[in-house]
Amino acid sequence: EINCIAEALMLRSTNNPSISIDTSQPNVEPLEVAITAGGIAMAAIDKRNSDKDDTSEKFTMDEAQTISGRVVGVVMRMNELEDL
């Protein structure tokens, strides 16, 4: 999860208008941000599940959905979390 959130923060810091990762941008819809965040999470989960490393188990579907939901939740609330 932390690597996914770090990647989202890195993408956000680039201020690239073609990457919908910041809900505070006026031309970006929240759904676009959620889809981008979900894509980041799923890419990390797929990478972990496809690694040939025998020391880590593959995520189950429930675990993958939980991780993705948490990443999307944090990314969607980044601005609020920064204000804390």
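Q: At roughly what angle do the axes of α1 and α2 cross?
A: This is a predicted model, in which local features need pLDDT of at least 70, side-chain atom pairs count only at pLDDT 80 or more, and totals for chains, interfaces and linings use all residues. Residues are numbered from 1 along each chain as its sequence is written, and side-chain values use heavy atoms, with hydrogens and water left out. Axes here are lines fitted to C-alpha atoms, for helices over the stretch in contact, and angles run from 0 to 180 degrees between N-to-C directions. The axes of α1 and α2 come within 9 Å, and they cross at roughly 135°.

Q: What does that make α1 in relation to α2?
A: Angles under 35 degrees count as roughly parallel, over 145 as roughly antiparallel, 65 to 115 as roughly perpendicular, and the rest as oblique. The axes of α1 and α2 cross at roughly 135°. That makes the relation of α1 to α2 oblique.

Q: Which residues in α2 meet α1?
A: Contact means heavy atoms within 4.5 Å. On the α1 side, the residues involved are Cys-4, Glu-7, Ala-8 and Leu-11. Their partners in α2 are Ile-40, Ala-41 and Ala-44.

Q: How many helices does the chain have?
A: Helices (H or I, at least four residues) and strands (E, at least two) are DSSP runs, numbered from the N terminus. Reading along the sequence, you get the pattern α-α-α-α. So far as the secondary structure goes, the chain has 0 strands, and its helices come to 4.

Q: How far does α2 reach from its first C-alpha to its last?
A: The expected span of a helix is 1.5 Å times one less than its number of residues. Helix α2 covers residues 30-50, 21 residues in all, and 30 Å is expected. Its reach comes out close to that, at 30 Å.

Q: Within what arc do the buried residues of α2 fall?
A: Buried means under 20% relative accessible area, exposed over 50%, and partly exposed in between (1.4 Å probe, protein chains only). In α2 the buried residues are Val-33, Ala-37, Gly-38, Ile-40, Ala-41, Ile-45 and Asn-49. Seen down the helix axis, these buried residues line one face of α2, because they fall within an arc of 165°. The arc is that of the directions from the helix axis to the C-beta atoms, and for α2 it is 165°.

Q: Which exposed residues sit on the face of α2 turned away from its buried side?
A: The buried residues of α2 pack against α1 (2-13) and α3 (61-76). Turn to the face away from that buried side, and you find the exposed residues Leu-31, Ile-35 and Lys-47.

Q: What is the relative accessible area of Ile-40?
A: Ile-40 is found in helix α2. Leaving out residues up to four places away in sequence, Ile-40 touches Cys-4, Glu-7, Ala-8, Leu-11 and Ile-21. Its C-alpha is separated by 8.6 Å from that of Ile-5, 35 residues apart along the chain. Ile-40 counts as buried because its relative accessible area is 7%.

Q: At roughly what angle do the axes of α2 and α3 cross?
A: The two axes come within 8 Å, and residues meeting across this pair include Val-33, Ala-37 and Ile-45 in α2 with Ala-64, Ile-67 and Val-71 in α3. α2 and α3 are therefore oblique to each other. Their axes cross at roughly 140°.

Q: Against which helices do the buried residues of α3 pack?
A: The end C-alpha atoms of α3 are 22 Å apart, which agrees with the 22 Å its 16 residues should span. Its buried residues are Ala-64, Ile-67, Ser-68, Val-71, Gly-73 and Val-75. They pack against α1, α2 and α4 (78-82).

Q: What is the phi of Asn-15?
A: Most residues other than glycine have a negative phi. Asn-15 lies in the loop between α1 and α2 and counts as exposed because its relative accessible area is 57%. Although Asn-15 is not a glycine, its phi is positive, at about 55°.
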